[in-house]
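Subject: Structure for you to look at

Hello,

Here is the structure I promised to pass on. Please open it alongside this email.

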2 protein chains.
Amino acid sequence: MARIQGYLLDLDGTVYRGERLIPGADRAIAELRTRGRRVLFVSNKPLYSRHGYAEILASLGVPATEDDVVNSSFVLARCLAQRAPGAKVYAIGEAPLLLELETAGLELTAETDAIEYVVAAFDRTLTWDKLNAAFQALRCGARFVATNPDRTCPVEGGEIPDAAAVIAALEAVSGREVEEVFGKPSPRMAEAALNVLGLSAGRCALVGDRLETDIAMARAAGMTAILTLTGVSTRSDLAASPIRPDHVIEGLAELPALDAKLNER
Amino acid sequence: MARIQGYLLDLDGTVYRGERLIPGADRAIAELRTRGRRVLFVSNKPLYSRHGYAEILASLGVPATEDDVVNSSFVLARCLAQRAPGAKVYAIGEAPLLLELETAGLELTAETDAIEYVVAAFDRTLTWDKLNAAFQALRCGARFVATNPDRTCPVEGGEIPDAAAVIAALEAVSGREVEEVFGKPSPRMAEAALNVLGLSAGRCALVGDRLETDIAMARAAGMTAILTLTGVSTRSDLAASPIRPDHVIEGLAELPALDAKLNER
């Protein structure tokens, strides 16, 4: 039996960049699957549902279903629902996040006194009224959690404000710190992924383009950590960082060869 | 001639609280004016024009004109216009701030490449699109200034998010720090007030309810600093703070008596 049976693949910067597939990523993923490896896509973004990400992948030539995707909103919704089933939640986020929370059995409300959790997320529909509603709930003692810690989100030709804008605004006005962030590098994200795969960390490798989220989480969880150079982190970032991947590849096209090496007897 | 010829009075928490006049504030101000003292109202809030604040004061029984008011948006607009006449500005703020900037001869624009200054302010019409526009300008090298540093704004029965929400969101996503904040305790605010009064700092006293903005600014500028206990700061705040007012009054009604004492020969 192969030592590495599951691959967790980051999406943006690893499988695709903006709307373009990383060259050879489709063939590499197909080859791993042919060898019987399980592939799970792991993203910090709460902008689409798991189904939505599966559709994006399929449109780029990588067959995928909802069960092949784990993202920060899914992990957050699942964890909150386990800790406090049916809890009343106020979320600053887009429609797919709200749907994810409701699907997990949480109750969305804007009733200040009733709110048990304030959720901060990437939200291109952010308004001052939303910030104020969340702030009033925090003043009343609501817990304060977030989907992902990212400062910005890379887009074609640049970057745009990510969840850090919402977290920082709420922290500044409330004088409180966010209590938990569920996206990478959170151990909650690693647990959820391993849970979906049904594999132990030692049997899994994670491939991602960010040292401080992807590689940090893989190392902490005990997975094999593979940095790919098609996204944010560069060789000079690597030289300067205390976070060390186990392996470095130029791009996902090199993964089948690395897989063969990792699983040599 | 009296030693103290001008009084700078903070508004919220000093002259009124929410929509109610502090008891006796109207008579105290009338008495000071009868004695020939010049009274100038000095507020950090950019929510109304100077004219708007004069109208609010008049409606509460304190006659005032535009020339009797200095607020953070007025000071910011004046300073920017002096430093960079006609500069291109993108402001996150409400209509009175935008009007103040235009009146000072600055050019409002949303053209990312052209923006020379990003202005962060209290804005109940904040949206993600505004944050993104400001962020893109900051990425292109625009200067980064703000009207006031306040975390929250006290309102009837509570508080709401103030300019700190906008400043923190932009700082978090851009990785930059705001370069200058023009409201109290900024020396720019003190200079503008003294300029309007045509008096030196030694001839002026400031009355305010916040140690860290009102009293800090008065002390730094060399004005007589008078803390009034009708607003935010309490006697226990005072005991714990390194910022020392020269005098403490229970409310503005005590000011004529203190004025008499300050001007004793």
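My notes on it follow.

This is a predicted model: local features need pLDDT of at least 70, side-chain atom pairs count only at pLDDT 80 or more, and totals for chains, interfaces and linings use all residues. Residues are numbered from 1 along each chain as its sequence is written, while chains are lettered from A and ligands numbered from 1 in the order in which they are written.

Chain A against chain B

21 residues of chain A contact 21 residues of chain B. Contact here means that the C-beta atoms of two residues, placed from the backbone, lie within 7 Å. On the chain A side, helix 5 (128-139), strand 11 (158-161) and helix 6 (163-174) each supply at least two residues. Helix 6 of chain A gives the largest share, seven residues. Helices (H or I, at least four residues) and strands (E, at least two) are DSSP runs, numbered from the N terminus. By class, the chain A side has 12 nonpolar, five polar and four charged residues. Nonpolar covers Ala, Val, Leu, Ile, Met, Phe, Trp, Tyr, Cys and Pro; charged covers Asp, Glu, Lys and Arg; the others, Gly among them, are polar.

Helices 5 and 6 of chain B

In chain B, helix 5 (residues 128-139) and helix 6 (residues 163-174) pack at about 50°, with axes 10 Å apart. Axes are lines fitted to C-alpha atoms, for helices over the stretch in contact, and angles run from 0 to 180 degrees between N-to-C directions. The two helices of chain B are therefore oblique to each other. The cut-offs: under 35 degrees is roughly parallel, over 145 roughly antiparallel, 65 to 115 roughly perpendicular, and the rest oblique. The crossing of helix 5 and helix 6 of chain B is right-handed, meaning that the near helix is turned clockwise from the far one by less than a right angle. Helix 5 of chain B brings L131(B), A134(B), F135(B), L138(B) and R139(B) to the contact, and helix 6 of chain B brings A169(B), L170(B), V173(B) and S174(B). That makes seven nonpolar, one polar and one charged residues.

Domains of chain A

Chain A is assigned domain 1 (6-44 + 184-262) and domain 2 (73-181); the bounds come from an automatic or database domain assignment. Their centres, taken over C-alpha atoms, are 27 Å apart. Each domain of chain A puts nine residues into the contact. The domain 1 side has two nonpolar, four polar and three charged residues.

The peptide bond from K184(B) to P185(B) is cis, with omega near 10°. P185(B) sits in the loop between strand 12 (180-181) and helix 7 (187-197) of chain B. In chain A, the bond from K184(A) to P185(A) is cis, again with omega near 10°.

Helix 7 of chain B has these buried residues: M189(B), A190(B), A192(B), A193(B), L194(B) and L197(B). Buried means 20 or more other C-beta atoms within 10 Å of the residue's own, exposed 12 or fewer, and partly exposed in between, with C-beta atoms placed from the backbone. Their cover includes strand 4 (38-43), helix 3 (72-83) and helix 8 (211-221) of chain B. Just after helix 7 of chain B, G198(B) takes a positive phi of about 70°.

Best wishes
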